[in-house]
Amino acid sequence: MVFDGNESLHVAQFLGGKNNGPCTPESIQRAAISRAYFAAFVHALYYEIDNDGFQQSPLDERGKDHGLLRKHFRDHKKHKIASELKELHNWRKTCDYDYFTDPSMLLSAALESSLTNAKDIIDTLK
């Protein structure tokens with residue numbers, strides 16, 4: 001399926017309580033992968049700000065924090081978290097920006113991996 005903006009909008013409306021569906025499984029999986037990354041990234045970001053001295057970038061440069069946070073984890077010998085964040089970020093970018101990806105690209109496997117990695121990161125950084 002070529003990217004269908006209406007499907008992504010339906011998911012956003014559903015998540016925002018503005019409709020009851022229907023949403024395609026592909027659009028739901030893509031959104032879930034993106035949200036799993038966001039959950040893990042923001043949790044890890046604020047954990048490291050509060051506990052290990054990570055300095056968040058100025059607002060207009062926050063996009064850099066994705067790579068900088070992974071580097072911070074590697075520098076502090078937390079390689080597994082850095083690796084899991086990288087995998088999550090790659091899946092998120094694929095789901096958010098690769099509009100022409102064939103839905104048979106194993107979205108269900110990517111979703112399972114994303115949910116597992118996000119939970120592991122959040123559970124580790126308590």
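This is a predicted model: local features need pLDDT of at least 70, side-chain atom pairs count only at pLDDT 80 or more; totals for chains, interfaces and linings use all residues.

Colleague: Is L107 buried or exposed, and how do you know?

Modeller: The relative accessibility of L107 is 3%. Buried means under 20% relative accessible area, exposed means over 50%, and partly exposed lies in between (1.4 Å probe, protein chains only). L107 therefore counts as buried. Across the 126 residues of the protein, 35% count as buried.

Colleague: What does L107 touch?

Modeller: Contact means heavy atoms within 4.5 Å. Leaving out residues up to four places away in sequence, L107 touches E26, Q29, R30, I33 and C95.

Colleague: Now V11, please. Where does V11 lie, and why does V11 get its accessibility label?

Modeller: V11 lies in helix α1. Its relative accessibility is 7%, so V11 counts as buried. Beyond its neighbours within four places in sequence, V11 is in contact with C23, S27, I28 and A31. The C-alpha atoms of V11 and S27 are separated by 6.8 Å, although these residues are 16 apart along the chain.

Colleague: And what is G21 called, given its accessibility?

Modeller: G21 lies in the loop between α1 (5-15) and α2 (25-51). At 28% relative accessibility, the value falls between the two limits, so G21 counts as partly exposed. Its C-alpha atom is 7.4 Å from that of V11, 10 residues away along the chain.

Colleague: On to the helix pairs. Why do α2 and α3 get their orientation label?

Modeller: Axes are lines fitted to C-alpha atoms, for helices over the stretch in contact, and angles run from 0 to 180 degrees between N-to-C directions. The axes of α2 and α3 come within 11 Å and cross at roughly 60°. Angles under 35 degrees count as roughly parallel, over 145 as roughly antiparallel, 65 to 115 as roughly perpendicular and the rest as oblique. The pair of α2 and α3 is therefore oblique. On the α2 side the contact is made by Y37, F41, A44, L45 and E48, and on the α3 side by D65, H66, L69, H72 and F73. By class, that contact has six nonpolar, two polar and two charged residues; here Ala, Val, Leu, Ile, Met, Phe, Trp, Tyr, Cys and Pro count as nonpolar, Asp, Glu, Lys and Arg as charged, and the others, Gly among them, as polar.

Colleague: Which orientation do α3 and α4 have, and what makes it so?

Modeller: Helix α3 (residues 65-75) and helix α4 (residues 79-97) pack at about 155°, with axes 7 Å apart. With that angle over the limit, α3 is roughly antiparallel to α4. The contact joins H66, L69, R70, F73 and R74 of α3 to H79, I81, A82, L85, K86 and H89 of α4. Its classes are five nonpolar, three polar and three charged residues.

Colleague: K77 sits in the loop between α3 and α4. What sets its phi apart, and is K77 buried or exposed?

Modeller: Phi of K77 is near 60°, a positive value in a residue other than glycine. Its relative accessibility is 66%, so K77 counts as exposed.

Colleague: Last one: why does E84 get its label?

Modeller: E84 lies in helix α4. Its relative accessible area is 10%, so E84 is buried. Setting aside residues up to four places away in sequence, E84 touches N117, D120 and I121.

Definitions and conventions: Residues are numbered from 1 along each chain as its sequence is written. Side-chain values use heavy atoms; hydrogens and water are left out. Helices (H or I, at least four residues) and strands (E, at least two) are DSSP runs, numbered from the N terminus.
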